[in-house]
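User: Hi! I am new to this structure and would like a friendly tour. Could you show it to me and then take my questions one by one?

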Amino acid sequence: MTTAAVNYAKVLYELSVPQTSVQETKELLRESPEFQEVLENPLVSFEEKEKVIDRLLPEEMRNFVKTACRHNKAGLLKEILSDYEELCRKQQRILTAVLRYVTPPKEEQLENIRKFLCRQFHAKRADIELKEDKSLIGGFVLLAEGQEYDWSLRGRYRKLEQKLTRR
């Protein structure tokens with residue numbers, strides 16, 4: 001996260017641009033690296049960039065992207081849009097977490113983890129990204145808001161090892 005990207009994301013949020021327009025722009029940047037290259041390329045004139053922006057982007061996003069290009073911040077657009085989404089989630093009190101596991105959790109277990117996260121972080125909703133990680137040996141590791149909850153066998157082995165070596 002760069003300061004410039006965060007600041008631009010805040011401005012975009014304050015402009016009250018519909019999230020669908022922001023999402024559409026993000027998809028276009030992801031699916032078309034050529035579009036991103038045109039916006040970043042200093043050899044392409046601003047007038048040419050304006051024409052491309054007017055042709056491809058939702059109307060609500062055009063002026064914002066043109067301003068980013070005018071200030072040579074087009075290279076930060078993907079980061080700006082990600083920071084914008086994070087800002088929206090925080091405003092709506094939606095927590096994002098990552099669950100690394102050996103065996104996929106059952107739906108009931110996931111629901112209990114969501115409830116735990118909502119209580120712990122005072123969130124309305126918890127979105128959990130699932131990632132398989134066989135190196136944990138067993139159990140799982142939950143990462144949310146910079147805090148790690150390690151209920152893995154590997155983590156327990158490490159704690160036991162630390163206790164034994166301290167004596």
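User: Which residues line the largest pocket, and which elements give two or more of them?

Analyst: Welcome! Please keep in mind that this is a predicted model. The lining of the largest pocket is made up of L99, Y101, V102, T103, P104, P105, K106, Q109, I113, G138, G139 and F140. Two or more of these lining residues come from each of the elements β1 (94-101), α7 (107-121) and β3 (139-144).

User: What is the volume of the largest pocket, and how many charged residues are in its lining?

Analyst: The volume of the largest pocket is about 160 Å³. Sorted by class, its lining has seven nonpolar and four polar residues, and the charged count is one.

User: How many residues does the largest nonpolar core have, and which have the most contacts inside it?

Analyst: In soluble globular proteins, nonpolar side chains tend to be buried together. Here the largest nonpolar core has 25 residues. At least two of its residues come from each of α1 (3-14), α2 (19-31), α3 (33-40), α4 (46-56), α5 (59-70) and α6 (77-91). Those with the most contacts inside this core of 25 residues are L12, L39, M61, F64, V65, L77 and I80.

User: How many residues are in the other core that lies apart from it?

Analyst: Among the members of that other core are L95, I113, L117 and A123. I113 also lines the largest pocket. The size of this other core is 14 residues.

User: Is L12 buried or exposed, and what separates its C-alpha atom from that of F64?

Analyst: L12 sits in helix α1. Its relative accessibility is 0%, so L12 counts as buried. Beyond its sequence neighbours within four places, L12 is in contact with V17, V22, M61, F64, L81 and Y84. L12 and F64 are 52 residues apart along the chain, and their C-alpha atoms are separated by 7.3 Å.

User: Which residues is F64 in contact with, leaving aside its neighbours within four places in sequence?

Analyst: F64 is among the residues with the most contacts inside the largest nonpolar core. With neighbours within four places in sequence set aside, the contacts of F64 are Y8, V11, L12, L15, L77 and I80.

User: Why does A68 count as buried, and which residues does it touch beyond four places away in sequence?

Analyst: A68 belongs to helix α5. Its relative accessible area is 0%, so A68 is buried. Not counting residues up to four places away in sequence, A68 touches Y8, K73, A74 and L77.

User: Where does E85 lie, is it buried or exposed, and which residues is it in contact with?

Analyst: E85 is found in helix α6. With a relative accessible area of 17%, E85 is buried. When neighbours within four places in sequence are left aside, E85 is in contact with Q23 and K26.

User: Is L142 buried or exposed, and which residues is it in contact with?

Analyst: L142 lies in strand β3, and a relative accessible area of 0% makes it buried. Along the chain, L142 and K131 are eleven residues apart, with their C-alpha atoms separated by 10 Å. Leaving aside neighbours within four places in sequence, L142 is in contact with A97, V98, L99, I113, F116, L117, Q147, E148, Y149 and W151.

User: What is phi of R93, and what is phi of I137?

Analyst: Most residues other than glycine have a negative phi, and most peptide bonds are trans. R93, in the loop between α6 and β1, is partly exposed at 42% relative accessible area. I137, in the loop between β2 (125-132) and β3, is also partly exposed, at 48% relative accessibility. Both values of phi are positive: near 55° for R93 and near 75° for I137.

Technical notes:
Residues numbered from 1 in each chain as written. Predicted model: local features only at pLDDT ≥ 70, side-chain atom pairs only at ≥ 80, totals over all residues. Heavy atoms only, no water. 1 Å grid on protein atoms, 1.4 Å probe; cavity = no way out; pocket = protein on both sides within 12 Å on 5 of 7 lines; lining within 4 Å. Points joined across faces, edges and corners; volume = space filled by probe spheres on them. Helix = DSSP H or I, 4+ residues; strand = E, 2+ residues; numbered from the N terminus. Nonpolar A, V, L, I, M, F, W, Y, C, P; charged D, E, K, R; others polar. Core = buried A, V, L, I, M, F, W, Y, C linked by side-chain atoms within 4.5 Å. Buried < 20%, exposed > 50% of the residue type's maximum accessible area, 1.4 Å probe, protein only. Contact = heavy atoms within 4.5 Å.
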